[in-house]
Amino acid sequence: MSNSLAVIHPFPPLFDANSRTLILGSFPSVKSREAMFFYGHPQNRFWKVLAAVFEETLPSTIEDKKRLVLCHHLALWDSIHSCTITGSSDSSVKNVVPNDISGMIQNSRIDRIFCNGALSYKMYMKYLFPTVTIQAVRLPSTSPANAAYSLERLTAAWSIIH
């Protein structure tokens with residue numbers, strides 16, 4: 001088991017002035033930090049779920065992923081700016097500093113927030129909801145650690161974002 005590391009979120013949010021729906025993760029995995037983009041672990045089902053919900057081709061490049069997000073007026077960000085974490089384990093997250101999402105909200109049309117998993121929702125409610133005041137919806141995590149959910153079950157639950 002690797003030691004816990006203090007890590008700062010290494011890449012910016014993805015949104016534009018037309019974004020209406022914010023999807024918040026918790027903190028990028030080791031693979032996502034290496035790729036410098038959201039949901040970079042090949043076993044994470046986020047991109048499969050998003051493509052299925054919007055009946056789009058599965059994006060393969062970061063540019064394709066950005067296009068998929070922005071053309072459906074979505075935004076991607078994470079609730080945590082920095083933390084101490086062991087590997088990619090949500091259960092190891094400590095010493096959280098939240099992301100400030102107010103700039104995203106002010107510079108877009110975001111009026112809906114969905115949290116990808118329990119930690120994202122917990123962090124949003126604790127640190128961000130008091131100032132943002134948009135009620136978030138907790139969705140089941142697309143992480144491979146959430147083995148209880150099949151791709152079909154995830155897609156059904158996530159269809160609410162459409």
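Predicted model: local features only at pLDDT ≥ 70, side-chain atom pairs only at ≥ 80, totals over all residues.
Buried means under 20% relative accessible area, exposed means over 50%, and partly exposed is anything in between.

Take Met 36 first. At 42% relative accessibility, Met 36 counts as partly exposed. Met 36 sits in the loop that links α1 (30-35) to α2, and its phi is positive, near 60°, although the residue is not a glycine. Glu 55 is another non-glycine residue with a positive phi, near 50°. Glu 55 belongs to the loop between α2 and α3, and at 75% relative accessibility it counts as exposed. Then there's His 73, which follows α3 and has a positive phi, near 55°.

Here are those backbone angles side by side:

| Residue | Where | Phi |
|---|---|---|
| His 73 | follows α3 | near 55° |

Now for helix α3 itself, residues 62-71. Which of its residues are buried? They are Lys 65, Leu 68 and Val 69. Looking down the axis of α3, these buried residues fall within an arc of 95°, so they line one face of the helix. As background, an α-helix has 3.6 residues a turn, so residues three or four places apart point the same way. As for partners, the buried residues of α3 pack against α2 (46-53) and β3 (74-78).

The largest nonpolar core has 36 residues, and the members touching the most others are Trp 47, Leu 50, Ile 113 and Tyr 124. Helix α2 gives the most to this core, with 5 residues. What does Leu 50 touch, leaving aside residues up to four places away in sequence? Its contacts are Ile 23, Leu 68, Val 69, Leu 74 and Ile 161. Two of those names, Leu 68 and Val 69, are also on the list of buried α3 residues. There is a second, separate core as well, with 9 residues that include Val 7, Ile 80, Val 93 and Met 123.

How does the lining split by class?

Definitions and conventions:
Residues numbered from 1 in each chain as written. Heavy atoms only, no water. Buried < 20%, exposed > 50% of the residue type's maximum accessible area, 1.4 Å probe, protein only. Helix = DSSP H or I, 4+ residues; strand = E, 2+ residues; numbered from the N terminus. Arc of directions from axis to C-beta. Contact = heavy atoms within 4.5 Å. Core = buried A, V, L, I, M, F, W, Y, C linked by side-chain atoms within 4.5 Å.
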